[in-house]
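Dear colleague,

Please find below the structure for your records.

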Amino acid sequence: MFSFNMFDHPMPRTFQNRFSTQYRRYSVSMLAGPNDRSDVEKGGKIIMPPSALDQLSRLNITYPMLFKLTNKNSDRMTHCGVLEFVADEGICYLPHWMMQNLLLEEGGLVQVESVNLMVATYSKFQPQSPDFLDITNPKAVLENALRNFACLTTGDVVAINYNGKIYELRVMETKPDKAVSIIECDMNVDFDAPLGYKEPERCYKAPEEPTDEEGDPNTWTEMDMRFRAFTGSGNRLDGKKKGIEPSPVPIDPSDIKRGIPNYEYKVGRITFIRNSRPLPRKTTEDEDSEFIAFSGEGKSLRKKGGRKI
């Protein structure tokens, strides 16, 4: 009995799993609607039309949805995520900093393609202004701002908003690839020196040489007359005042005793100067008056020659 299988080598079925189309690009300020969409400017995501969602749902794509934006006229490209599908047909809305990276103008054509990116492990940023150093904790501020981003591309200049001020940072390096996904990742962040930053110059002061005024005895009196203890006037409890007010007595420069420098001083050597006095010589009277133990006379409480009862 023989069996024949006509499908030993089945023909492969191909599914279109890549999204690629062109849109007219406009800034977020052109988005119609009563609501303020300034949140789009604070991140790295775009707004696409509903037809894109319908087409993406039919494709076998991976989530989260990440896209590659290309300006064929300038050969510039970047990567982004999608925030909403509420734009008009044939139009997509981009943040202003993304428009600057792509060198796009209002109404220009941009190619949008779906991509799969590796998860980020390392990224390095360079602030474009030294004002970024005024932030107390820049890593915490950047970590909070990157929550609105889906991916990073090496060479892009991203913009973050902090305390009503916009700071621009250039992505200098990303690992493990030049374009990485930062959604639910453990990424190490490093900073390069800001653009235009200069190290503060250190000034070294030379030791001041003693002036001639320090050796003048007249200046010693002026220094000593600044503060003198117990030279003020006192007050009595009964309210009476003394007839004579005390006045500080001027000091004679000859009365000021200054130390004599040690001219034999050597570096690394410490000398202790003590006032040594010669011991007094012993005389004959001192020798006779030496201390002899138990050589004194005793006394009795009973008087001698008293009456006996």
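Phe 132, Tyr 167 and Phe 191 are joined into a cluster by ring pairs. Please bear in mind that the model is predicted. Across the whole structure, the search returned four aromatic pairs.

The pair of Phe 132 and Tyr 167 is edge-to-face, because the ring planes stand at 75°, with the centres 5.8 Å apart; an angle over 60 degrees counts as edge-to-face. This pair links distant parts of the chain, 35 residues apart: Phe 132 belongs to the loop between strand 8 (122-127) and helix 3 (138-145), and Tyr 167 to strand 11 (residues 165-175).

Both of these residues are buried. The relative accessible area is 4% for Phe 132 and 11% for Tyr 167, and the limit for a buried residue is under 20%.

Phe 132 also forms an aromatic pair with Phe 191, and this one is tilted, with 40° between the planes and 5.7 Å from centre to centre. Since Phe 191 lies in strand 13 (residues 188-191) and Phe 132 in the loop between strand 8 and helix 3, the pair ties together parts that are 59 residues apart in sequence.

A further contact involves a charge and a ring. The charged end of Lys 175 is placed over the ring of Tyr 122, at 5.1 Å from the ring centre.

With kind regards

Methods:
Residues numbered from 1 in each chain as written. Predicted model: local features only at pLDDT ≥ 70, side-chain atom pairs only at ≥ 80, totals over all residues. Heavy atoms only, no water. Phe/Tyr/Trp six-rings, centres within 6.5 Å; stacked < 30°, edge-to-face > 60°. Helix = DSSP H or I, 4+ residues; strand = E, 2+ residues; numbered from the N terminus. Buried < 20%, exposed > 50% of the residue type's maximum accessible area, 1.4 Å probe, protein only. Lys NZ or Arg CZ within 6 Å of the ring centre and 35° of its normal.
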